[in-house]
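Please look over the sequence and the model shown here.

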Amino acid sequence: MANQEDIFKKVVSHAKEYGFIFPSSEIYDGLGAVYDYGQLGTELKNNIKQYWWKAMVQYHENIVGIDSAIFMHPKIWKASGHVDAFNDPLIDNKDSKKRYRADVLIEDHIAKIEEKIKKECEKAHKRFGDAFNLDQFVSTNPRVLEHQKQIDEIHGKYAELMNANDLAGLKQLILDLGIVCPISGTRNWTDVRQFNLMFATKMGSVEGENDTLYLRPETAQGIFVNFLNVQKSGRMKIPFGIAQIGKAFRNEIVARQFIFRMREFEQMEMQFFVRPGTELEWFKHWKKERLNWHLALGIPAEKYRFHDHEKLAHYANAATDIEFEFPFGFKELEGIHSRTDFDLSRHSEFSGKKLQYFDSELNENYTPYVIETSIGVDRTFLAIFSHALKEETLEDGSTRTLLSLPPVLAPYKAAILPLVKKDGLPEKAREIMDALKYDFMLQYDEKDAIGRRYRRQDAIGTPFCITVDNDTLEGKGVTVRERDTMKQERIDIENLRAYLHEHIKPIQVR
Ligand code: ATP
């Protein structure tokens, strides 16, 4: 596959062609940045959620999960700061009439300079071959150093302006950097304005002053307002966590890049409540835990990196993103934030209810501090799906499209394929399928030649194909073909369940 744009196009079309993701309301020409998950996408998405839930809730005795309502009391969003400050700085190009996020324009500009550094490194690598030392090169090459200096200067300035909420300064920075609109190619920009990202709606049949509700822009607040309910009913002792998976809504200004930035999406969030003063240790702990969760899927570590925030929210005392290398570059996949006691204190203040914890070891009441891990389901889907999609040239010169999904997440764990549609093979295959289908999602397929059926399973990410042939009828087991290596081995029918269980686990659990 050629360049990054082509890869991305292929991702979008493959997702649609095989029933993973469809544009919402497609027969009505779609709805901006809203998508529907199809029959295979739903399976993959559910598996992502289950993998997260198991890692967070099932594996940690001190983390429990809840499912709070999307509608919440309007005061919650006042207390959380979302009504007053959940804004993005937007800017319009007067010629193309296109709207952009000012911060994203600047980040994209920085990404272009990073791309130049990458190119320099690749060039040098080719020139020096095996003798190439990347660390030495980036710390001494004058062109790389110059690019890096530029990046650091822009980062510094940008952080300063964002912290000071200096909108005029942001516009000036865009002009100074010579950023042009990708559509019109001009620098004819409007002023930068703030835009609140929450969707508002009404509750009840009579309109009044205080009946405006917001669709939640994050799931976290549902956890904070239930802090005492969970702590008391579950007799939870600090440190402990509350996890939640659910829909969130944001009226994103620039909704592009497929399911990377949607207006309706899903989050998996966990708030971990700790003793004040211990939060930075826990922050470090969760950084490591969460990265391990990603790596256990078997995706190479180079695809991930931490990006510490330049602009800390006023309530946070540490924050980092886990970024992933999407087909359009490194972008945020997950946020890990040390949120101090901000949320619980604000809800105490706004509700008039004391949200504190009595620590029997210290014999003391306090408002717990919070470490949050927050990851988008859809973004995780895109990261995994785009990394998994490959086009391979085989030894005989033919190509195959391969969706090399981590087995634990694959929609179907195995396909059951009778070699031919006669001689009692379909019946035997069905028998095997019936014995295993309570444990695993399986697909039965008897149409077309076996090679074509393998290709079809490769394209939807099925890690194993189980072929039933005449030897099977003689008690000589089945052939199990592994998707990525295409290696085949003979397995006894009674060992299939254990074989599949063993091979679909995430790598760090095996
Ligand atoms: P960004 O800077 O990309 O807008 P954010 O910093 O606002 O993201 P958070 O508020 O930290 O994001 O949300 C936590 C996670 O939720 C993100 O890491 C991302 O995976 C996911 N997420 C946030 N906004 C969206 C969206 N519009 N569409 C899909 N996923 C999203």
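Helix 2 passes helix 11 in a right-handed crossing. A crossing is right-handed if the near helix is turned clockwise from the far one by less than a right angle, and left-handed if anticlockwise. Helices (H or I, at least four residues) and strands (E, at least two) are DSSP runs, numbered from the N terminus. This is a predicted model, in which local features need pLDDT of at least 70 and side-chain atom pairs count only at pLDDT 80 or more, while totals for chains, interfaces and linings use all residues. Residues are numbered from 1 along each chain as its sequence is written, and side-chain values use heavy atoms, with hydrogens and water left out.

Two packed helices are described by the angle between their axes and the distance between the axes. Axes are lines fitted to C-alpha atoms, for helices over the stretch in contact, and angles run from 0 to 180 degrees between N-to-C directions. Angles under 35 degrees count as roughly parallel, over 145 as roughly antiparallel, 65 to 115 as roughly perpendicular and the rest as oblique. On the helix 2 side, Ile 48, Tyr 51, Trp 52, Ala 55 and Met 56 meet Trp 286, Arg 290 and Trp 293 of helix 11, where contact means heavy atoms within 4.5 Å. These residues divide into seven nonpolar, no polar and one charged. Ala, Val, Leu, Ile, Met, Phe, Trp, Tyr, Cys and Pro count as nonpolar, Asp, Glu, Lys and Arg as charged, and the others, Gly among them, as polar.

Next comes the pair of helix 5 (residues 102–128) and helix 7 (residues 142–163), which pack at an angle of about 165° with axes 9 Å apart. Helix 5 is therefore roughly antiparallel to helix 7. Their crossing is left-handed. Residues making the contact include Ile 106, Ile 110 and Ile 113 of helix 5 and Val 144, Ile 151 and Ile 154 of helix 7. By class, the contact of helix 5 with helix 7 has nine nonpolar, five polar and six charged residues.

How do helix 1 (residues 4–17) and helix 13 (residues 377–388) cross, and within what distance do their axes come? The axes come within 10 Å and cross at roughly 105°. That angle makes helix 1 roughly perpendicular to helix 13. Phe 8, Val 11, His 14 and Ala 15 of helix 1 meet Leu 382, Phe 385 and Ser 386 of helix 13. The contact of helix 1 with helix 13 has five nonpolar, two polar and no charged residues.

Now to single residues. Lys 331 is in strand 13 (residues 329–338). Lys 331 counts as buried because its relative accessibility is 17%; buried means under 20% relative accessible area, exposed over 50%, and partly exposed in between (1.4 Å probe, protein chains only). Not counting residues up to four places away in sequence, Lys 331 touches Asp 108, Phe 260, Ile 322, Glu 323, Phe 324 and Phe 326.

Phe 199 lies in the loop between strand 6 (193–196) and strand 7 (200–202). With a relative accessible area of 25%, Phe 199 is partly exposed. Its contacts beyond four places in sequence include Leu 213, Phe 249 and Arg 263.

Lys 505 is in the segment after helix 17 (496–503) and, at 32% relative accessibility, counts as partly exposed.
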